[in-house]
Amino acid sequence: MRLKFAHSPLLSQPLPTWRARLLLALLLLGFAALIGRSLYLQGINNDFLQKKGESRYERVIEISATRGRILDRHGDVLAVSTPVKSIWAIPEDAMLSPAQTRQLAPLLDMDVRELTRKLAAAKDFVFLKRQIPPDQADQVAALNLPGIYQQREYRRYYPAAEVTAHVIGFTGAEDAGQEGVELALNPQLAGKPGSRRVIKDRRGQIVEDVESIRKPVEGQDVNLALDAKIQYLAFSHLKQAIVDNKAKAGGIVVLDAKSGEVLALANLPTYNPNNRGKLVGAQLRNRAFTDTFEPGSTLKPFTAALALEKGDFRFNTPIQTAPGRLTIGSATISDAHAHGTLTVAQVIQKSSNIGVAKMALTFPPEDMWSMLDSMGFGHPLKLGFPGEVGGRLRPAKNWRPIEQATMSYGHGISVTLIQLARSYLAFARDGDLLPLSLTRLESQPAEGQRVFTAQTARELRAMLEMAVLPEGTAPKAQISGYRVAGKTGTAHKVEGGAYADKYVSSFVGFAPVSDPRLIVAVMIDEPSAAKHFGGDVAAPVFSKVMAGALRTLGVASDAPLKPLQMAAVPVPKDVR
Amino acid sequence: MVRINLVLLLVAVICALAAVSSSHRARKLFIGLENEQKRMRDLDVEWSQLQLEQSTWANHARVEKIARDKLAMHAPAAGRIVSVEKP
């Protein structure tokens, strides 16, 4: 039998109308849900999607800020940052063929085995080589290797290298100051990187600035008080002296007596801040700030000054120093050479321990303590250098007479070289002390803290000038053309609580005496050649550095010169 | 009525085209600005490198060595210096 389609028995069955209605209702409901959802996404809650969309073409980029330069007082560069590249890799992605590895290794100054080992590391990120010059990095980029990337960093260079190493210090890997001025003035030098949001097109070019999130702050340049020329003079003469005297270490400080600026500061042994591969502690030490030593006779002028201030002694008051020995309690102090009766001035000139001790024993301990304290001994200068120490000045109430006597000539008290140099400001100026400054001052400070009267300072200048005469302890400190004044110091080193057969030789002085401009303090640690007296070891360094520095600064001479050998050339009248 | 509509349509089209072209121009100028700023940064970098180079050449130790060894110069003795007062 043929079954006709139109007469299908299935179709002839009447369907209930509710089924069609239900279907229609379900479909409409589905539409309504879709419309509602799209309304929700497009109109009401569109922020999220918009953000997602923007993130496809918007980028936040970092704007790097450079660290400020460090300049000397005349603008010579002492530290400057230039960009370098660091090469890093994602080891998983960096599947290099042996040929590629061989190509890459020499560009990074590495051998192939080391590079292979680094790339085999089970880490997400490895630095292959940090801080290589940009042109070298470009060659690496030209190889176009997978998984090898580079990033821009700044590297700090120090053109004067070891000459300024201790003053300037250095920065660490994150461009933060670690030592010296780099640390002391870090807040000023450091820049703050900024960032901004931009739109990039498909070629990676920035086409629109959306907003600046953080403005970058460039690091500020710092003008130090340092004079690069004087610094070099000081460094090279100190170095020579250390070689000549087979010394262990040494330090030198040059101060401007008019302003308290630190014109030069060098220590040896030193290091090259551009290449800090094998640094040892001894090289890193900024001895002028961190090492204390017993100053010895360089402290005698302070005792004499206090004696003059008190009025019991005058410039010419005689003091009996014979027979060169003096017993106080159970201890005996002595002079290197026995002298007879000396005036106060001669006590300083000949550096008599007994003469100074006799003066010191007339003071109450508190007065002597407060004088030494006001000179700045016993507390750090707080210039911001790491590890700066204050030396040792014990409280006066524990002093025994013998201690007071030895302290008067610089034993039983310890100071740093920079403190010692600063304390001589009181003599080089008219009895006042200025705070020291590492940075260049725009104007000269008026007057510092007064510690002695101007009259005392003048008399001390005369005594200290006598010390460099042939009858004094330091004729080698003389400079032709200038009147100089200063004091030697030779102290035994304390080792394990007892005085050892090792010396610290020092010399502190200033010139020209008629109107002091510079103070130079020299310290030589453990001279072990033939000589060890401050007058033989440290005074010649003082003389050379002072002569060079005075000439550099163009300070007018105040002493008659040796007869002019070029007197035949007439000096034109209209010279300007 | 139709004519006004046509004119308005034309104006709208012209405005739209102008907007497109000016935003394109703005982007071009902006790219130019970006390039110049990049050049400025590059020149800054070069300057710092030149400064470094200059201070390396002008190193006091090097200058002294050349002055002494090559040019046979020496500091005048104190007796050979004449200082004159500024009038």
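**Note on the predicted two-chain model**

1. The C-alpha trace of chain B spans about 110 × 35 × 15 Å along its principal axes. The chain has two helices and zero strands, and buried residues make up 1% of its 87 residues.

2. The model is predicted, and its confidence values should be read alongside the geometry. For the complex, the predictor gives an ipTM of 0.76 and a pTM of 0.79. Chain B averages a pLDDT of 88, with 99% of the residues scoring at least 70. For chain A the average pLDDT is 84, and 95% of the residues score at least 70.

3. Within chain A, confidence is highest in strand S19, at a mean of 94, and lowest in strand S7 (residues 206-214), at 78. A separate caution applies to residues 563-576 of chain A, where pLDDT stays under 50. For that stretch the model has 10 contacts beyond four places in sequence.

4. The contact between the two chains takes 29 residues from chain A and 22 residues from chain B. On the side of chain B that touches chain A, the elements giving two or more residues are helix H1 (2-57) and helix H2 (60-70). The largest share comes from H1(B), with 11 residues. By class, this side of chain B has nine nonpolar, nine polar and four charged residues.

5. Chain A is divided into domain 1 (62-141 + 148-223) and domain 2 (228-275 + 282-553). Their C-alpha centres lie 45 Å apart. The contact between the domains takes 23 residues from domain 1 of chain A and 20 residues from domain 2 of chain A. On the domain 1 side, helix H6 (165-168), helix H7 (180-184) and strand S8 (222-223) of chain A each supply at least two residues. The residues on that side divide into 14 nonpolar, four polar and five charged.

6. Strands S9 (residues 249-256) and S10 of chain A run antiparallel and are joined by six bridges. In this pairing, A:Gly250 stands opposite A:Leu268 in S10(A). The two strands form a hairpin with five residues between them, and A:Gly260 in the turn has a positive phi of about 80°. Strand S10 (residues 262-268) of chain A is mostly covered, as seven of its seven residues are buried.

7. A:Val520 is found in strand S19 (residues 518-525) of chain A, the strand in which the confidence of chain A is highest. Is A:Val520 buried or exposed, and on what count of C-beta neighbours? A:Val520 counts as buried because it has 30 C-beta neighbours inside 10 Å, against a threshold of 20 or more.

8. The surroundings of A:Val520 can be listed residue by residue. Leaving aside neighbours within four places in sequence, A:Val520 is in contact with A:Ile252, A:Val254, A:Gly509, A:Phe542, A:Val545 and A:Met546. A:Gly486 is 34 residues away from A:Val520 along the chain, and the C-alpha atoms of the two are separated by 9.1 Å.

Technical notes: Residues are numbered from 1 along each chain as its sequence is written. Chains are lettered from A and ligands numbered from 1 in the order in which they are written. This is a predicted model: local features need pLDDT of at least 70, side-chain atom pairs count only at pLDDT 80 or more; totals for chains, interfaces and linings use all residues. Two residues are in contact if their C-beta atoms, placed from the backbone, lie within 7 Å. Helices (H or I, at least four residues) and strands (E, at least two) are DSSP runs, numbered from the N terminus. Ala, Val, Leu, Ile, Met, Phe, Trp, Tyr, Cys and Pro count as nonpolar, Asp, Glu, Lys and Arg as charged, and the others, Gly among them, as polar. Domain bounds come from an automatic or database domain assignment. A residue is buried if 20 or more other C-beta atoms lie within 10 Å of its own, exposed if 12 or fewer, and partly exposed in between; C-beta atoms are placed from the backbone. Two strands pair if DSSP finds at least two bridges between them. pLDDT is the predictor's confidence in each residue, from 0 to 100.
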